[in-house]
Amino acid sequence: MSRGIYIIANDKVLDQAIALLNSIRLHDADTPIIIIPYDDNYHQIAQTLNQHYGVKVYEDLDFIDRLAGKLHETFGGKFFARPNQFRKQACWFGPFDEFLYIDTDIVVFEKIIDNLNYLAESDFICCDYQHLGGIKNVFSSQVLEDKIFTEAEVKEIFNGGFWGSKKNLVSENDLYETFAECAAHPEYFDFSEKTSDQPIINYMLLKRIPRRFNVVRREGKAPGNWAGTPHFQSEGNILFDPTVNQPLQYLHWAGIRIQPGCPYWETWEHYRNLNPALPAANIPAPVEKSQLQGTLDQVKNQLRKLKKGVFTD
């Protein structure tokens, strides 16, 4: 049985991918890793990651194009903020019998592939606390009102940046049927903050894969992993979650721009620059806004809330 890791990337996220690969290879020199091209601009990153980390490009590029074409045919061109994120669904049809998918805005603090051991008793794993925020950024309340899912089921939603499963557990036709079901009921989903594939993939998992396991529900609890969490503590070059007295398994900058001054910047910078064969990252610090620009941004934000009907004093 083969195991491996998939990432989705293009040349734009080269620095992020280097940080991720440095962190993976620090704990695991051998697990094969495959890059799924996010778009046609992937040749530089593919060459760099192959040379330094042995990463290979996904072989069946025709399938990826077919998937992208079917997605556009079903939903049109304006439904998703980042439709190319759906290319990660090529994971189901690649060479690995069991696989992890990992977003590039992540660094890991352990031999991360070992989480696939949980697949001995399940068919799908994730590892996050997305469910604590309710159904926001995944579903609307309509899925409960129409009894599409139960209250218990929606507590199993997950973040699409880190998950694992088994080859061919989902068929190509399953994907296309899911696209059609979701396109027929856009009222079931929350795209208000421009999330992309996450609502649709959560829908598919809840509908089609009953044996699911969220690693944070393991015995003894588990640490958090979102970079927006302020209480993680640095211990050497890993982070520690004092609420469960455990080191983090990984850290995910979901929805956060990785740049000087961002949460846990020093941690990301350490892993990005861990390989001496590669030049150090040169990511400029954000330009500070003037007081006038800050005030204008606050006004725009309040107007957006008012438009949504959620503005309060």
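Start by selecting helix 1 (residues 14-27) and helix 2 (residues 43-53): their axes come within 11 Å and cross at roughly 20 degrees. Axes here are lines fitted to C-alpha atoms, for helices over the stretch in contact, and angles run from 0 to 180 degrees between N-to-C directions. That angle makes helix 1 roughly parallel to helix 2 (under 35 degrees counts as roughly parallel, over 145 as roughly antiparallel, 65 to 115 as roughly perpendicular and the rest as oblique). The crossing of the two is right-handed, meaning that the near helix is turned clockwise from the far one by less than a right angle. Helices (H or I, at least four residues) and strands (E, at least two) are DSSP runs, numbered from the N terminus.

A word on what you have open: this is a predicted model, where local features need pLDDT of at least 70 and side-chain atom pairs count only at pLDDT 80 or more, while totals for chains, interfaces and linings use all residues. Residues are numbered from 1 along each chain as its sequence is written, and side-chain values use heavy atoms, with hydrogens and water left out.

Now show side chains where the pair meets. From helix 1, pick Leu14, Ala17, Ile18, Leu21, Asn22 and Arg25; they meet Gln44, Ile45, Thr48, Leu49 and Tyr53 of helix 2. Contact means heavy atoms within 4.5 Å. Sorted by class, this contact has seven nonpolar, three polar and one charged residues (Ala, Val, Leu, Ile, Met, Phe, Trp, Tyr, Cys and Pro count as nonpolar, Asp, Glu, Lys and Arg as charged, and the others, Gly among them, as polar).

Next, jump to helix 7 (198-208). Nine of its eleven residues are buried, so helix 7 is largely enclosed by the rest of the structure. Buried means under 20% relative accessible area, exposed over 50%, and partly exposed in between (1.4 Å probe, protein chains only). The buried residues include Pro199, Ile200, Tyr203 and Leu206. What covers them? Helix 3, strand 6, helix 5 (151-154), helix 6 and strand 8 (212-214) are among the covering elements.

On the helix 6 side, Asp174, Leu175, Glu177, Thr178, Phe179, Glu181 and Cys182 meet Ile200, Tyr203, Met204 and Arg208 in helix 7. That contact has six nonpolar, one polar and four charged residues.

Zoom out to the largest nonpolar core, which has 44 residues; Tyr6, Phe139 and Ile200 have the most contacts inside it. Such a core is a set of buried Ala, Val, Leu, Ile, Met, Phe, Trp, Tyr and Cys residues joined through side-chain atoms within 4.5 Å. Helix 7 gives the largest share, six residues. Click on Phe139: leaving aside neighbours within four places in sequence, its contacts include Phe149, Val154, Ile157, Tyr188, Pro199 and Leu206. A second, separate core of 33 residues includes Ala17, Ile18, Leu21 and Ile102.

Finish with two loop residues. Leu132, in the loop between strand 6 and helix 4 (142-145), is exposed, with a relative accessible area of 65%.
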